Amino acid sequence: MSIEELFILALMPVLKTLLIAVVGLFLALDRISILTAEARHHLNNLVFYIFFPAICASGVIGSSTETGIFSLWFIPVSILITFLVGSALGWILVKITRAPRHLHGLVIGCCAGGNMGNLPVIIIPAICAEKNNPFGDSVTCTKNGMGYVTLSMGIGAIGIWSYVYKIIWAYGKRDDGDVSIYSKLRENQHGETSKESLDSITRALLPNSNSNFKDDEASAMIETKVSIPIIIEKKVKSLMEYVDLSVVFRPPTIATIVGIIIASVSPIQDIMVGDRAPLRFVESSVVLLGEAAIPSMTIIMGANLLRGFKRSGVGIWLLIGIIIVRFVFLPIIGVGVIIVAKNLGMVGSDPLYHFVILLQYAVPPAMAIGKSSFLFEIGETECSVIMFWNYAVASIALTLWSTYFMWILS
């Protein structure tokens with residue numbers, strides 16, 4: 001295919017996404033008042049607890065019948081690379097631009113956590129639906145592509161709600177030493193501040209430099225009598241007191257894990273998946289619910305971007321820096337990663353698989369970052385402005401990068 005044809009092919013899904021997002025933005029206007037704040041809240045809950053988990057589970061299960069779930073092991077590795085590299089670039093950015101401390105976590109999170117959910121979910125089926133797509137038969141392309149994308153969504157959700165969520169909170173302490181309302185609720189719930197939790201972990205993992213020689217000698221004698229498994233168990237328990245599993249294992253993550261289990265255990269798959277499976281109606285129902293996720297998520301995304309029109313304290317160079325990290329540095333690094341992985345035989349020969357991995361590096365920040373900002377009441381307006389301009393630039397950058405990715409893979 002010529003570069004012009006690939007450009008048109010890459011442009012179509014972006015235009016579809018923009019059109020649906022504009023509808024959401026229009027419905028959220030005060031004059032229209034259909035997608036009010038309360039309506040967005042209820043729709044967001046439906047998406048988060050029903051539609052999004054359904055599409056995650058059905059996509060993973062559907063792809064496993066064609067490719068095998070364990071052959072997709074490089075997807076979590078690639079996502080880990082995006083988080084590590086993005087975090088490093090975000091840290092450099094806040095140091096160069098001297099961003100306010102309470103925004104450090106937000107900036108690093110925006111650089112690290114990409115939207116691996118609703119954008120790829122729209123882009124891949126739209127590209128596969130085109131007759132002249134470079135990935136082959138549209139049915140097989142859509143089925144495999146959705147499996148790759150939904151697995152990316154599940155793994156990405158773990159990163160967003162465990163790593164980015166925590167880093168926004170960690171940097172979000174106010175100048176007076178207080179933390180967010182959510183943190184205070186956690187303090188009341190657990191009976192200790194997060195700082196005390198960190199101190200307890202430090203004491204568990206590191207020796208106490210203030211203790212005298214007798215204490216060290218006594219503790220050494222005790223530790224020699226304690227087996228290594230017991231010591232490891234105590235360290236793990238100390239760490240688990242700080243990690244909130246209810247935050248890590250969100251509904252999309254749980255749905256992805258359930259999908260992986262069903263895809264991995266043949267007896268369960270034979271009962272639930274396939275035209276002759278006795279419980280095939282369960283899979284069909286989940287697929288039907290998942291189909292509502294794409295338009296719902298995109299409408300919510302458009303409505304949430306409305307707040308980005310407001311002015312905020314985000315510096316112009318900080319905003320430009322985030323855009324450069326997300327749409328220049330990370331995609332270039334992604335191309336390098338996929339080239340090395342192909343040469344080492346780590347990603348197979350499916351160009352669609354390669355394309356989905358490359359998309360992980362070229363998408364704008366995850367919308368869930370805005371939800372974290374709202375929960376902690378940290379830089380809510382700044383986050384809306386960052387999201388608005390990143391998604392505005394993404395309409396062009398994602399089209400250009402998608403064109404380039406398909407060109408190098410075809």
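Which residues make the nonpolar surface patch of about 520 Å²? In this predicted model, the patch is made by Phe249, Ile254, Ile257, Val258, Ile261, Val265 and Ile268. Helix α12, spanning residues 251–264, gives the largest share, four residues. Ile261 sits in helix α12. Its relative accessibility is 45%, so Ile261 counts as partly exposed; that class runs between 20% and 50%.

Now turn to the empty space. Rolling a probe the size of a water molecule over the atoms shows where such space is left. The largest pocket has a volume of about 1100 Å³. Its lining counts 41 residues. Nearest its centre lie Asn44, Asn304, Met367, Ala368 and Lys371. Several helices supply at least two lining residues each: α2 (37–67), α6 (138–171), α15 (293–304), α18 (368–376) and α19 (380–409). Of these, α2 gives the most, with nine residues. What is the make-up of the lining by class? It holds 24 nonpolar, 12 polar and five charged residues.

Two loops deserve a look at the backbone. Ser33 lies in the loop between α1 (3–27) and α2. Its phi is near 55 degrees, a positive value in a residue other than glycine. Ser33 is partly exposed, because its relative accessible area is 42%. Arg98 lies in the loop between α3 (74–97) and α4 (104–112). Arg98 is not a glycine either, yet has a positive phi of about 55 degrees. Is Arg98 buried or exposed? Arg98 counts as exposed, because its relative accessibility is 75%, and the cut-off for exposed is over 50%.

Conventions:
Residues are numbered from 1 along each chain as its sequence is written. This is a predicted model: local features need pLDDT of at least 70, side-chain atom pairs count only at pLDDT 80 or more; totals for chains, interfaces and linings use all residues. Side-chain values use heavy atoms; hydrogens and water are left out. Patches are made of residues with over 30% relative accessible area and no salt bridge: like charges are joined within 9 Å, nonpolar side chains (Val, Leu, Ile, Met, Phe, Trp, Tyr) within 5 Å. Accessible areas come from the Shrake-Rupley method with a 1.4 Å probe; for residues, only the protein chains shown count as cover. A salt bridge is a side-chain nitrogen of Lys or Arg within 4 Å of a carboxyl oxygen of Asp or Glu. Buried means under 20% relative accessible area, exposed over 50%, partly exposed in between (1.4 Å probe, protein chains only). On a 1 Å grid over the protein atoms alone, a cavity is a set of points where a 1.4 Å probe fits but cannot get out, and a pocket is an open set with protein on both sides within 12 Å along at least five of seven lines; lining residues have an atom within 4 Å of a point. Grid points are joined across faces, edges and corners, and a volume is the space filled by probe spheres set on the points. Ala, Val, Leu, Ile, Met, Phe, Trp, Tyr, Cys and Pro count as nonpolar, Asp, Glu, Lys and Arg as charged, and the others, Gly among them, as polar.
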